[in-house]
Amino acid sequence: MEIPLFPLPNLVLFPNIVLPLHIFEERYKLMINTCIEHDEAFGLVLLQTGAEGESEGTIHRVGVTARIVQVERLDDGRMNILVEGEGRFRIHRFTQKTPYWRASVDFFEDGESRQSIQSLYDQTADLYRKVSALSAKLSASQESELILPESPAELSFMVSYVLDLESEEKQKLLEMTSTGERLRALLKHLADAIKKLEQQIAYKELIAKVRGNGDLGKPNVER
């Protein structure tokens with residue numbers, strides 16, 4: 001199958017994730033309008049970190065198709081669009097570079113796991129809930145009710161997208177073909193996030209305590 005491509009730096013899309021995009025370059029105005037006209041999805045792919053430009057060597061070969069679900073047209077042909085991630089694909093070969101990239105792609109999904117991953121799902125969900133609770137505490141905001149996907153694969157995609165990770169690390173998660181492997185990797189990332197949040201909360205509470213005690217922490221000055 002051949003699809004148009006939208007290479008972007010620092011952004012990795014995952015299946016079932018809804019993402020807003022602002023379209024302002026002429027070539028991508030053309031691409032998006034063509035996709036709308038033909039009801040066609042495009043492939044969102046990550047540019048390698050530090051890449052100075054787009055080339056076959058700097059575009060990651062695994063991406064996700066994005067279906068346009070909402071369009072807001074602005075001045076000069078610019079657009080705000082809302083897309084939803086659909087299927088993962090692997091680029092077989094590039095077929096066009098101008099006015100925008102196109103490629104022949106093969107779609108893939110996670111392979112069947114030989115062992116139950118329910119335990120991994122439960123552990124990931126529990127740690128993600130803890131991260132959400134700690135984040136709310138740190139920002140002194142009300143914790144929102146979490147509605148998590150029932151599918152282990154969908155949960156792994158959602159957490160991979162939401163977690164504050166480097167784009168190259170998210171790309172590794174996207175390229176994994178085992179839900180269990182992805183969940184195990186996420187457990188480590190979630191544990192790291194919890195540790196970091198707990199340290200930030202402890203520091204915030206210490207600062208509040210110091211300020212509340214007035215001169216606490218200031219050297220005594222004999223008068």
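A charge sits over a ring if NZ of Lys or CZ of Arg is within 6 Å of the ring centre and within 35 degrees of the ring normal. By that rule, the charged end of lysine 170 sits over the ring of tyrosine 161, 5.4 Å from its centre. The charged end of arginine 90 likewise sits over the ring of phenylalanine 108, with 4.3 Å to the ring centre.

Some bookkeeping. The model is predicted, so local features need pLDDT of at least 70 and side-chain atom pairs count only at pLDDT 80 or more, while totals for chains, interfaces and linings use all residues. Residues are numbered from 1 along each chain as its sequence is written, and side-chain values use heavy atoms, with hydrogens and water left out.

Now the aromatic pairs. A pair of aromatic rings is described by the distance of the centres and the angle of the planes. Rings of Phe, Tyr and Trp (its six-membered ring) pair if their centres lie within 6.5 Å; planes under 30 degrees apart are stacked, over 60 edge-to-face, and the rest tilted. How many aromatic pairs does a search of the whole structure find? It finds five.

One of them joins phenylalanine 6 and phenylalanine 42, which are tilted, at 6.0 Å centre to centre and 55° between the planes. Phenylalanine 6 is in strand 1 (residues 2-9) and phenylalanine 42 in strand 3 (residues 42-47), so this pair ties together parts 36 residues apart in sequence. Strands here are DSSP runs of E, at least two residues, numbered from the N terminus. Phenylalanine 6 is buried at 6%, and phenylalanine 42 is buried at 0%.

Another pair is phenylalanine 89 with phenylalanine 107, edge-to-face, 6.3 Å centre to centre and 75° between the planes. It links strand 5 (residues 79-96) to strand 6 (residues 102-108), with the two residues 18 apart. Phenylalanine 89 is buried at 0%, whereas phenylalanine 107 is partly exposed at 40%.

Last, strand 6 itself. Five of its seven residues are buried. Two strands pair if DSSP finds at least two bridges between them. Strand 6 pairs with strand 5 in the antiparallel sense over seven bridges, and with strand 1, also antiparallel, over three bridges. Alanine 103 in strand 6 is the bridge partner of phenylalanine 94 and of isoleucine 3. Strands 5 and 6 form a hairpin with five residues between them.

Notes
Helix = DSSP H or I, 4+ residues; strand = E, 2+ residues; numbered from the N terminus. Buried < 20%, exposed > 50% of the residue type's maximum accessible area, 1.4 Å probe, protein only.
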